[in-house]
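Good morning, everyone, and thank you for making time for this. I would like to walk you through one part of a structure, going slowly enough that each step can be checked by eye.

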Amino acid sequence: MSENMGYLLLMYGIFVFAVFLATIKDLHNVACTPKQIYEINNLNMFACVLLFLVLVVLNPLFCVVRFLYWIFHIGREED
């Protein structure tokens, strides 16, 4: 791997971590599936899927945390 690629990956990692720290406080109010994005916007489903893919690329840690939250709370009744 070239030296420039290492710097690029380092910058991407720092960016992902910074975005994660900015959005983790609002865990329950962020739409994290294409269906949720579709329900709150005036976009078609194809645009919602593309927007979801951008979310996964820019903030993968948030998606992992949201998935783990869902796994640990599956089957529980909400208050």
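This is a predicted model: local features need pLDDT of at least 70, side-chain atom pairs count only at pLDDT 80 or more; totals for chains, interfaces and linings use all residues.

Let me begin with helix α4 itself, which runs over residues 60–72. It has 13 residues, and from its first C-alpha to its last it reaches 19 Å, which is close to the 18 Å expected at 1.5 Å a residue.

Which residues of α4 are buried? They are Phe 62, Cys 63 and Arg 66, and if you look down the axis of α4 you will find that these buried residues fall within an arc of 100°, so they line one face of the helix.

Arg 66 deserves a moment of its own. This residue of helix α4 has a relative accessible area of 17%, and because buried means under 20%, Arg 66 counts as buried. If we leave aside its neighbours within four places in sequence, Arg 66 is in contact with Leu 27, His 28, Val 30, Cys 32 and Gln 36.

Next, let us turn to the packing between helices. Helix α1, residues 3–23, packs with helix α4 at an angle of about 50°, and their axes are 8 Å apart; the two helices are therefore oblique to each other. On the α1 side the residues involved are Tyr 12, Val 16, Phe 17, Phe 20 and Thr 23, and they meet Pro 60, Leu 61, Phe 62 and Val 65 in α4. Sorted by class, this contact has eight nonpolar residues, one polar residue and no charged residues.

One of the α4 residues in that contact is Leu 61, which is partly exposed, with a relative accessible area of 36%. Beyond its neighbours within four places in sequence, Leu 61 is in contact with Val 16, Phe 17 and Phe 20. Its C-alpha atom is separated by 18 Å from that of Ile 37, a residue 24 places away along the chain.

In the loop between α3 and α4 we come to Asn 59. Is Asn 59 buried or exposed? With a relative accessible area of 3%, Asn 59 is buried, and, not counting residues up to four places away in sequence, it touches Val 16, Val 19, Phe 20 and Thr 23.

Finally, a look at helix α2, where we find Pro 34. Although Pro 34 and Phe 52 are 18 residues apart along the chain, their C-alpha atoms are separated by 5.8 Å. Pro 34 touches Phe 52, and also Met 45, Cys 48 and Val 49, again not counting residues up to four places away in sequence.

Methods
Residues are numbered from 1 along each chain as its sequence is written. Side-chain values use heavy atoms; hydrogens and water are left out. Axes are lines fitted to C-alpha atoms, for helices over the stretch in contact, and angles run from 0 to 180 degrees between N-to-C directions. Helices (H or I, at least four residues) and strands (E, at least two) are DSSP runs, numbered from the N terminus. Angles under 35 degrees count as roughly parallel, over 145 as roughly antiparallel, 65 to 115 as roughly perpendicular and the rest as oblique. Contact means heavy atoms within 4.5 Å. Ala, Val, Leu, Ile, Met, Phe, Trp, Tyr, Cys and Pro count as nonpolar, Asp, Glu, Lys and Arg as charged, and the others, Gly among them, as polar. Buried means under 20% relative accessible area, exposed over 50%, partly exposed in between (1.4 Å probe, protein chains only). The expected span of a helix is 1.5 Å times one less than its number of residues. The arc is that of the directions from the helix axis to the C-beta atoms.
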